[in-house]
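Hello,

Here is the structure I promised to pass on to you. Please open it first, and then read my notes below.

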Amino acid sequence: MTIVLDAAIGFAWAMEEIALTRLFEIAAREHPITPQALEAYRAEALERGERATVRNGVAILRVEGPLFKRASLMTEHCGASSYDVLRRDLATAVGNPGVRAILLAIDSPGGEAAGCAEFAAAVADVRGRKPIVAYVADVGASAAYWIASACDRIICGPSAALGSIGVRMSMADTRDRDARSGVRRFDFVSSQSPYKVNDPGTEDGNARIKARVDALAQVFVDAVAENRGVPSAQVLDGFGRGDVLIGAAAVAAGMADGLGTFESVLADLASSKPVVPRSTQPQPPHASLSLPAPKAAVRPAVPAPRQLSAAETERIEAEHTALAILKAGRLALGLRG
């Protein structure tokens with residue numbers, strides 16, 4: 001820890017004095033850290049999983065960033081997630097006897113419609129087998145909310161934005177630009193399929209594309225209604241109508257089941273709280289979790305945390321200190337930590 005702090009002091013900082021002082025205070029904090037405490041705080045990789053982790057018997061799947069059907073450079077290097085990887089990790093968590101519950105940590109503005117319904121259905125299929133809960137800290141919008149709605153419960157932070165239920169399709173009209181550039185394009189459509197290509201610049205083509213978007217949006221609405229146990233009309237009229245609702249307003253509208261923190265949700269799942277079905281006893285804001293019990297009557301014991309070596313303890317301490325320094329620096333620059 002001393003080495004990391006000395007290195008930070010040796011840097012040249014372009015930062016306000018109060019922020020720099022706070023950074024050094026964080027870096028200089030000394031607390032008694034035991035191997036058991038560090039092991040409990042750090043989630044371990046889920047055995048045979050790809051990105052999922054497990055902590056205290058709870059598998060954590062992070063649904064973060066833009067969502068894509070398949071893994072790509074965006075999911076590998078740009079903070080996005082893919083339905084395919086999430087689905088495989090979900091199946092691994094369900095089949096792992098050491099996992100007693102599953103937590104979807106959601107922070108996403110949504111993503112591709114393709115693949116979302118399939119993954120949401122896989123999430124819904126877990127209900128009744130193992131408790132599965134969505135926690136939305138900041139954003140659970142559009143496709144991300146579709147996925148969250150499939151869980152047993154949705155708990156959100158007080159400033160979290162939930163909703164944005166609907167579908168959007170965008171097309172760029174480059175014809176004027178192409179004409180100025182001398183580009184000519186010829187489209188040939190089989191006579192047996194007159195509606196295979198629809199021109200959005202025409203009234204008929206625009207109406208047909210709009211009908212396609214509306215049909216997909218209705219699938220979205222009906223899925224949320226079924227997942228949340230409410231009529232489709234309530235989703236259409238009371239779940240933001242395409243807008244997002246914040247924290248307590250989302251809970252009041254029935255879009256979420258309570259306010260909380262990631263740690264409180266994780267603790268409730270790890271302690272196996274008793275069952276209070278959502279359909280018979282609505283959850284008020286700030287209430288603790290009440291989860292459906294898994295089908296298996298006997299839950300496997302969670303193995304005791306292993307003892308960390310002195311080298312591992314020192315490495316973890318250094319990592320935490322370095323992260324604190326970087327986060328404080330990002331906050332001082334007005335960046336999101």
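Predicted model: local features only at pLDDT ≥ 70, side-chain atom pairs only at ≥ 80, totals over all residues.

Residues are numbered from 1 along each chain as its sequence is written, and side-chain values use heavy atoms, with hydrogens and water left out.

**Strand E7 and its neighbours**

Helices (H or I, at least four residues) and strands (E, at least two) are DSSP runs, numbered from the N terminus. Two strands pair if DSSP finds at least two bridges between them. E7 and E9 (residues 161-163) are parallel, with 3 bridges. E7 also pairs with strand E8 (residues 153-156), again parallel, through 4 bridges. There, Tyr-135 stands opposite Ile-155. From E7 the chain reaches E8 by way of helix H7 (residues 143-149), in a right-handed β-α-β crossover. Right-handed means that, with the strands pointing away from the viewer, the path from the first strand over the helix to the second runs clockwise.

Strand E6 (residues 101-108) pairs with E7 in the parallel sense over 6 bridges. Ile-102 has Ile-132 of E7 as its bridge partner. The chain passes from E6 through helix H6 (residues 116-126) to E7, and this β-α-β crossover is right-handed.

Why is E7 largely enclosed by the rest of the structure? Because 7 of its 10 residues (132-141) are buried. Buried means under 20% relative accessible area, exposed over 50%, and partly exposed in between (1.4 Å probe, protein chains only).

**Salt bridges**

A salt bridge is a side-chain nitrogen of Lys or Arg within 4 Å of a carboxyl oxygen of Asp or Glu, and the structure holds 14 of them. In one, the closest N and O atoms of Arg-127 and Asp-152 are 3.6 Å apart. Arg-127 is in the loop between H6 and E7 and Asp-152 in the loop between H7 and E8, so the pair ties together parts that are 25 residues apart in sequence. Asp-152 is buried, at 6% relative accessible area, whereas Arg-127 is partly exposed at 27%.

Glu-64 and Arg-62 also form a salt bridge (3.9 Å, N to O). Glu-64 is partly exposed at 32%, and Arg-62 is partly exposed at 43%. Finally, Arg-153, Arg-228 and Asp-257 are linked in a network of salt bridges.

**Two residues with positive phi**

Most residues other than glycine have a negative phi. Asn-56 has a positive phi of about 55°, although it is not a glycine. Asn-56 sits in the loop between strand E2 (53-55) and strand E3 (58-64), and is partly exposed at 41%. Arg-241, also not a glycine, has a positive phi of about 50°. Arg-241 belongs to the loop between helix H10 (232-238) and strand E10 (244-246), and is exposed, with a relative accessible area of 70%.

Do have a look at these places in the viewer.

Best wishes
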